[in-house]
Every structure is written in C-alpha cells, then in structure tokens.
Amino acid sequence: MQPCWITRFHAAALTLSCLLCCGCDAATQDFRHQIYAFGTLVTIDFFATTPQSNAAAIAAIEARIRDIDRDWYPWREYPDEPQGELQRINAAIAAGQAIEVSPLLAELVRRAAVLEQLSGGRFNPAMGRLTELWGFHDVARLRSSPPDEVEIRKWLSASVSSDSLEWSGNELRSNSPYVMLDLGGIAKGSILEQFVSILRDAGVENAIIDIGGDLTVLGHINGRPARIGIRSPRSDDTLAWLDVMDGETVVTSGDYERFFEVGGRRYQHILDPRNGYPVEHTISATVLHQDPVLADAAATALLVAGPGAFEELCAVLGVDEALIVSASGDLRLTQAMEKRLNWPNR
Ligand code: ADP
Ligand code: MG
C-alpha cells in the first residue's frame, strides 16, 4: 500500500539512475532516473537524450522537489521544523489573517477553486480538516476506526469550501477559519506540468515522467507513442493499456492508495466532501488529458461522483477520455476513452 502523495521527501532518500540502452546513436542514450518523493516513486525515463541534458534536468527537478515538499505540504512532519508556505497560509486562514501567496501556489489554489465549483463540490481543495479527522494526513500510521460522527457533522455544518477564499492580487484571506487547504488531489498534476517545462528547458525532447503511476509523455519513444498500462484496482494486473502521445497525461485515483479496514469495510483516503465519508461506490478513476492539472483534479472528482454523475461531470469538466471502475467491478467509460483502450483479456 502506498501513502498519499504528500508524504515528505527525504533528501537522503533513494535516488537511482541507470542507463537503459546503449543502442541509440553515439551521442544519445536512454536513461532512467528514480527519486523517492511525495511518498511515492518518481520515475523519469529519458529517451535518446544526451548525458548533459539529463544531468541538467535531474538537478533542476530535485531542487523543485525540495521546494514543493517544503511549501506545498499542509502538515508539519516534525513539530520543530520551520513552517512551509502552505502551512503558513493555513495558519493565517485559521487566524482570520491575510497572507501574500507566491505566484505558482496562488495560481494552483485559484485553479483548484474553479475546479471545485465545476465539480459541484466533489473536488474540494479546502477540506484539509476533514482529511485530518479521518487521519489520512498522518503518514506514520492509519486510524483503526472511523472518527466520531458528531465531528463529521460539525465539519459538514461549517460548509467548508474554497468559495470563502478572497483574493486581493496575490493576497489571500478566508472568512471561514474551518478552511484548510489540502492540494493533495491536484498537486501531482501541477508537478507533472512543472517537470515537463524543466525537461524542455534542459533540451530533453522525449521522456516519460511518472509520479506514482500518474504520468505525462513528452515526445515519443523511438518514434512511437508510449504504451501505458492502467492498473486493475484489485490486483497488480493491467486492466487495459493505451498508447499515450506527446503532451498527454494519464492520472488514476484509486481506493487502494491509502486506506484502513474495519470489519471488512474499507475506508479510503478520497473523501466525499458532501457527506464527510470516504467514497465506497467507486474504486478507481482514470483520466487522460492534455492538461495534467485538470486530469488530476478530474480523476479525484470522478471517483467521488461515481457512475451516477459520470457523463455529466466529464462534460462539465471538459474531459473526453475517462474511465471509472465501480465497487462491483463495473466499468464506465467515455466513447473517446473506449476508442483508445486495448484490453488484455479480450
Ligand atoms: P492519489 O493521491 O492517490 O493520486 P488523488 O489525486 O485523488 O489520489 O488525491 C488524494 C488526496 O487528495 C487525498 O490524500 C487528500 O489529501 C485529498 N483529497 C481527498 N478527497 C478529496 C476530494 N474530494 N477533493 C479534493 N481533495 C481530496
Ligand atoms: Mg487527483
């Protein structure tokens, strides 16, 4: 079981690099670099690139990981460590104070607020306190029972939403002290987007960036699109596979990433902010899109929506290619996604 993205990156953590092939032309090579970050494995496969480009890209990506890890994480791992930017923002919101937000984070929070609106509140970037109530913020251990229903009702009655955020330029405040920004459902999309521009700036034209199974393809692999498998939510098998083109992102949200079980009932880390409980009707949601930020938030929102609102939400979000798997194992997919997928068992 993997913890959610937001687990901390440890500078001394695993960093692996290896040469994948030497059969390319003399000046270029295929190369894999892996970093343990955000509680998951980040894998960057470089295709037919030069060692100079790889080295420049890896150095810039590792520096960006350190910044994001410090500044986009809502919870402090150790009580004595200095607060990162999102922790300072949440502290200011809780105290009813205004705070200046750096441009990149401000843009992501604004984007997340729009997606909350579009998703009808199924995606909610302000629900950090609900995540906390359920204990999914605690990377070291999971709860062994659900939280008190009274606490959940109390949270619900505060109608927590990013609608309460007020911006004056990049200065942010909220009129609700219950708002706690948790960008765990959208951050990986933005990180993919940032890594793509880092790779491009370093002169890397062909690569796959994979953050714990959410990935973006840059260019092509020896003249072909990248062949990517979508994981079956209840086994390590491939549910289906597809060819992913230059600039496309595939994101999957699943109930197998982080959860606890009590009496055979699974309580997973994706919560329905409209009722305060973990989603049970749907166990995975996959979105393919050119926009990684939209893909990430949409996968979370579609998992919360489930089969009942699948088509409607895809249309509202502007997602053409999506697939969900319900708890009973039924698949629901858009026509465009159906055309893209190949099934191993058919
Ligand atoms: P994963 O981290 O497995 O890729 P998601 O992108 O769906 O999955 O992100 C899950 C994380 O997003 C949770 O750990 C929590 O921090 C946050 N989250 C949970 N439910 C929601 C929701 N309904 N809306 C927005 N964020 C959520
Ligand atoms: Mg998401």
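**A walk through the model**

Mentor: Let us begin with Thr249, which sits in strand 11 (residues 249-254); helices (H or I, at least four residues) and strands (E, at least two) are DSSP runs, numbered from the N terminus. Keep in mind that this is a predicted model, in which local features need pLDDT of at least 70 and side-chain atom pairs count only at pLDDT 80 or more, while totals for chains, interfaces and linings use all residues. Residues are numbered from 1 along each chain as its sequence is written, chains are lettered from A and ligands numbered from 1 in the order in which they are written, and side-chain values use heavy atoms, with hydrogens and water left out.

Trainee: Okay, is Thr249 buried or exposed?

Mentor: Thr249 counts as buried because its relative accessibility is 0%, where buried means under 20% relative accessible area, exposed over 50% and partly exposed in between, using a 1.4 Å probe and protein chains only.

Trainee: And what does the side chain of Thr249 pair up with?

Mentor: It has a polar contact of 2.7 Å with the side chain of Thr216. A polar contact is a pair of N or O atoms within 3.5 Å; within protein, one must be able to donate a hydrogen and the other to accept it, and residues adjacent in sequence count only if both atoms are side-chain atoms. Leaving aside neighbours within four places in sequence, Thr249 is also in contact with other residues, including Leu192, Val287, His289 and Pro292, contact here meaning heavy atoms within 4.5 Å.

Trainee: Switching to the ligand, which residues are closest to ligand 1?

Mentor: The closest are Arg122, Asp182, Ser253, Leu271 and Thr300, out of 19 residues that surround ligand 1, a residue being counted if one of its heavy atoms lies within 4 Å of the molecule.

Trainee: What polar pairs does Asp182 make there?

Mentor: A polar side-chain atom of Asp182 lies 2.6 Å from an oxygen atom of ligand 1. Backbone atoms take part too, with a polar one of Arg122 at 2.9 Å from a nitrogen atom of ligand 1 and a polar one of Gly185 at 3.1 Å from an oxygen atom of the ligand. Of the 570 Å² of accessible area that ligand 1 has on its own, the protein covers 99%, the areas coming from the Shrake-Rupley method with a 1.4 Å probe.

Trainee: Which helix gives the most to the shell around ligand 1?

Mentor: That is helix 7 (residues 292-305), with three residues. By class, the shell has seven nonpolar, six polar and six charged residues, where Ala, Val, Leu, Ile, Met, Phe, Trp, Tyr, Cys and Pro count as nonpolar, Asp, Glu, Lys and Arg as charged, and the others, Gly among them, as polar.

Trainee: Zooming out, how is the chain divided?

Mentor: There is domain 1 (1-72 + 183-224), domain 2 (78-174) and domain 3 (225-346), with bounds from an automatic or database domain assignment. The centres of domain 2 and domain 3, taken over C-alpha atoms, are separated by 24 Å, and 28 residues of domain 2 are in contact with 26 residues of domain 3.

Trainee: What about helix 2, how many of its residues are buried?

Mentor: Seven of the ten residues in helix 2 (residues 85-94) are buried, so the helix is mostly covered. Among them are Leu86, Ile89 and Ile93, and the buried residues pack against helix 1 (51-71), strand 4 (99-100), helix 3 (103-118), strand 5 (165-168) and strand 6 (171-174). Helix 2 is followed by Gly96, which has a positive phi near 70°.

Trainee: Which phi does Phe38 have?

Mentor: Phe38 is not a glycine, yet its phi is positive, about 55°; most residues other than glycine have a negative phi. Phe38 is found in the loop between strand 2 (29-37) and strand 3 (40-49), and it is buried because its relative accessible area is 0%. Ser159 also has a positive phi, about 45°, although it is not a glycine, and its place is the loop between helix 5 and strand 5. At 58% relative accessibility, Ser159 counts as exposed.

Trainee: Last one, where is Trp155?

Mentor: Trp155 is in helix 5 (residues 149-157), and it counts as buried because its relative accessibility is 6%. Leaving aside neighbours within four places in sequence, its contacts include Met127, Leu130, Val160 and Pro273.
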